Amino acid sequence: MADSTHIKKLRYIDNLYQHGDELRGHGALDDALGTLNDGDLAEILESWFISIRNQPATTESDETRWQVGLSFVTSIVAWIAKSDTHKTLSHIESRLHQLSVLYSQFRVKKRNMPEMIRSLPASTVEVLYQILDPESKDNPFPRVQTRWRVYVAFILMLHQGLRRGEALLLPVDAIKSAFDPKLGRDRCWINIRENDYESSAQDPRYSKPSIKTKDSIRQIPTSETTARIIELYAGNYRGRPQHSFLLNSKSNVPLSTEALTKAFSVISNKLPAHVVRELESRTGKTTVTPHDLRHTCAVVRLHQLLQHGDSMDEALQKMRTFFGWSRQSTMPSRYARAVFEDRLAGVWNNAFDDRVSLLRAIPKER
């Protein structure tokens with residue numbers, strides 16, 4: 001699995017261990033597993049489940065946390081069943097079966113709950129354009145290099161629909177171009193793939209970004225305006241680090257997932273109160289994350305495709321290609337409802353890729 005997924009699962013398991021320590025003392029979970037004490041395991045698991053379920057608000061990640069912890073316990077018991085020579089195999093297997101039957105049906109969240117639309121309201125996007133303009137007096141970052149770094153990440157995720165990890169993997173020469181005889185002009189694109197210049201082992205970041213699935217490897221078009229912004233950043237504000245990744249930190253190392261997430265926490269704190277109120281009303285959130293930009297891009301792209309005359313089936317298939325989903329993925333259909341919300345599409349005109357706000361931020365070339 002990807003490093004980020006691996007780390008997340010380890011954190012969930014660590015949370016289960018901490019709960020066991022608080023409930024029955026240090027090392028309680030390992031003691032229960034080592035002795036196959038089904039009574040203690042049941043008490044720890046049930047108590048942990050209740051603590052998750054009784055939170056003021058539960059999310060999909062809480063459901064995942066529970067399932068990861070349960071899977072960990074059952075897999076360890078299964079492993080002991082194969083290696084323990086002091087207990088009869090049938091006795092151990094019966095305990096494993098009991099755990100699986102008792103807890104596999106536990107659900108932190110009710111199924112089939114209405115899914116909250118996660119694309120950003122128009123007012124939020126408009127403010128993000130304003131405050132992330134590198135020349136804006138409201139920009140929360142003091143260094144011009146940081147302003148441009150965050151701005152380019154913002155454009156890549158909002159306009160190109162990149163996942164956070166995909167943006168962090170891009171090489172400095174991410175923008176490709178060639179003359180298109182059909183269009184009569186140069187055409188620009190970005191290849192979404194692992195960095196050809198450096199292996200994962202050479203990447204110094206703790207949480208190493210990666211390509212999510214084989215379907216995520218793709219080529220997506222980009223406008224000349226977006227391409228020019230990226231090239232201006234690379235040539236004027238990136239610096240000259242000893243690595244090939246496009247997004248460079250102020251320490252001249254590849255930008256980390258944690259640093260990008262922290263930047264959006266800073267940005268969220270700059271949102272005006274009335275914008276935060278609408279954001280919470282529409283999405284249930286008071287902050288903006290990098291992945292919210294990808295969701296918003298999906299809504300706008302689907303809206304554009306339908307406006308240009310594509311059938312829903314054709315539009316959804318184009319979405320799968322653009323965003324790196326498999327041909328069988330149901331992800332695109334989740335955005336269909338949001339497409340018909342005028343407040344979501346109203347902030348952009350038909351020239352989404354060449355929005356005037358982007359042009360304002362382009363300085364004269366040095």
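Helices here are DSSP runs of H or I with at least four residues, strands are E runs of at least two, and both are numbered from the N terminus. The model is a predicted one, so local features need pLDDT of at least 70 and side-chain atom pairs 80 or more, while totals for chains, interfaces and linings use all residues. Numbering runs from 1 along each chain as its sequence is written, and side-chain values use heavy atoms, with hydrogens and water left out.

H12 itself covers residues 290-307, and its end C-alpha atoms sit 27 Å apart. Buried means under 20% relative accessible area, with a 1.4 Å probe and protein chains only. Across the chain, buried residues account for 47% of the 366 residues, and the fold counts 16 helices and 3 strands.

Elsewhere, helix H6 (residues 122-132) packs on helix H7 (residues 144-159) at about 155°, the axes being 10 Å apart. Axes are lines fitted to C-alpha atoms over the stretch in contact, and angles run from 0 to 180 degrees between N-to-C directions. H6 is therefore roughly antiparallel to H7 (angles over 145 degrees). At this pairing, Val 125, Leu 128, Tyr 129 and Leu 132 of H6 meet H7 residues including Val 150, Tyr 151 and Phe 154, contact being heavy atoms within 4.5 Å.

Conventions: The expected span of a helix is 1.5 Å times one less than its number of residues. Buried means under 20% relative accessible area, exposed over 50%, partly exposed in between (1.4 Å probe, protein chains only). Angles under 35 degrees count as roughly parallel, over 145 as roughly antiparallel, 65 to 115 as roughly perpendicular and the rest as oblique.
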